[in-house]
Amino acid sequence: MRRLRHLTNRHRAPSTNMALGLLLAFNAGAVNAGGFLILGMYTSHMTGFASQLADGLVLGNGKLLLNALGAILAFMTGAAVCAVLVNWGRQRQLYSVYALPLMLEALMLFPFGLMGTVTLNWNTPFAVPLTVLLLSFMMGLQNAVGSKTSGGSTRTTHMTGNFTDLGMELGKALFWRRQRRQSATALPTVQHDWRRMRMTAGLIAMFVLGGITGALGFKHIGFFCVVPLALLLLALSVPPFLRDAAHSAELQALWRRFHQR
């Protein structure tokens, strides 16, 4: 439990960034694959939605346009909420600064897992069911957490950048081997980054593993399969939050006001 608590604290290290990134990539893969099974679309795929937005404008297809606009706005809103929570926590020097957005995602996943079928029939102004907006919001929230904790180097909800980085590092590794054989050259050496290769390969592997798990879960038990994902996020976020709650007068005051209502 102590190791989990350190994954979301405000003091970061490459090892904690990697461990948190791998867990979040697994979670994103599961949610994304499940979203495709029930909706026929990948709710973290903003590149696709941006293209869909352009297609809707050119074709004059209002439904296509609104579908993409809703998903993009929900994803951006999730990222914005993450930024607000993280900066609020930083100003108050909370230990759980990165736990707050993950706790919010977990609290959204619980009712979604128990009552997800209701959101499929809940229409929105964006011509997509509420399910799409909820999943896109959660993916934006989570992706921003990975970006905040790593200084922008770790993305957990889409793999394009990770495949690009892995390909570049493989190319540098091949070039480095060629240079070693031609050691007489006076040109600067090109050194690959083994740590970056391990990180990107690990993120891709965990995203795929999460996708397999999510696809099997949604296929056989439906929305309830996201409940274990919510429990995983709570395990990451609740311990550091409780530590802060025991020492922060402001959090204790907020808790008392909440109970008085």
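**Entry 1. The second largest pocket**

I looked up the lining of the second largest pocket in this predicted model, and its residues divide into five nonpolar, seven polar and no charged. I counted Ala, Val, Leu, Ile, Met, Phe, Trp, Tyr, Cys and Pro as nonpolar, Asp, Glu, Lys and Arg as charged, and the others, Gly among them, as polar. The lining consists of N32, Y42, S44, H45, M46, T47, F75, T157, H158, M159, T160 and F207. The space in this pocket is about 190 Å³. A pocket here is an open set of points on a 1 Å grid over the protein atoms alone, where a 1.4 Å probe fits, with protein on both sides within 12 Å along at least five of seven lines; lining residues have an atom within 4 Å of a point. The volume is the space filled by probe spheres set on the points, and grid points are joined across faces, edges and corners.

**Entry 2. Basis of the values**

I note that the model is predicted, that local features need pLDDT of at least 70 and side-chain atom pairs pLDDT 80 or more, while totals for chains, interfaces and linings use all residues. Residues are numbered from 1 along each chain as its sequence is written, and side-chain values use heavy atoms, with hydrogens and water left out.

**Entry 3. The chain as a whole**

I found ten helices and zero strands in the chain. Helices (H or I, at least four residues) and strands (E, at least two) are DSSP runs, numbered from the N terminus. Of the 261 residues, 44% count as buried, where buried means under 20% relative accessible area, exposed over 50% and partly exposed in between (1.4 Å probe, protein chains only). Among contacts with a separation of 6 or more, 71% join residues 24 or more positions apart; a contact means heavy atoms within 4.5 Å.

**Entry 4. Helix α3**

Which residues of α3 are buried? I recorded M46, F49, Q52 and G56 as buried. They cover an arc of only 105° around the axis, so they are on the same side of α3; the arc is that of the directions from the helix axis to the C-beta atoms. In general, an α-helix has 3.6 residues a turn, so residues three or four places apart point the same way. The cover over the buried residues of α3 includes α4 (62–91) and α6 (130–150). The face turned away from the buried side carries the exposed T47 and V58.

I also checked the span: α3 (residues 46–59) has 14 residues and reaches 19 Å from its first C-alpha to its last, close to the 20 Å expected. The expected span is 1.5 Å times one less than the number of residues. G60 follows α3 and has a positive phi, near 65°.

**Entry 5. Helix α2**

Helix α2 (residues 14–39) has 26 residues and reaches 36 Å, close to the expected 38 Å. Just after α2, I found G40 with a positive phi of about 75°.

**Entry 6. Single residues**

Leaving out residues up to four places away in sequence, S136 touches T43, M46, A71, A74 and F75.

Q93 is found in the loop between α4 and α5 (99–120). Q93 is exposed, with a relative accessible area of 60%, and its phi is near 55°, a positive value in a residue other than glycine.

M168 lies in helix α7 (residues 160–181) and counts as partly exposed at 48% relative accessibility. I noted 9.8 Å between the C-alpha atoms of M168 and D193, which are 25 residues apart along the chain.
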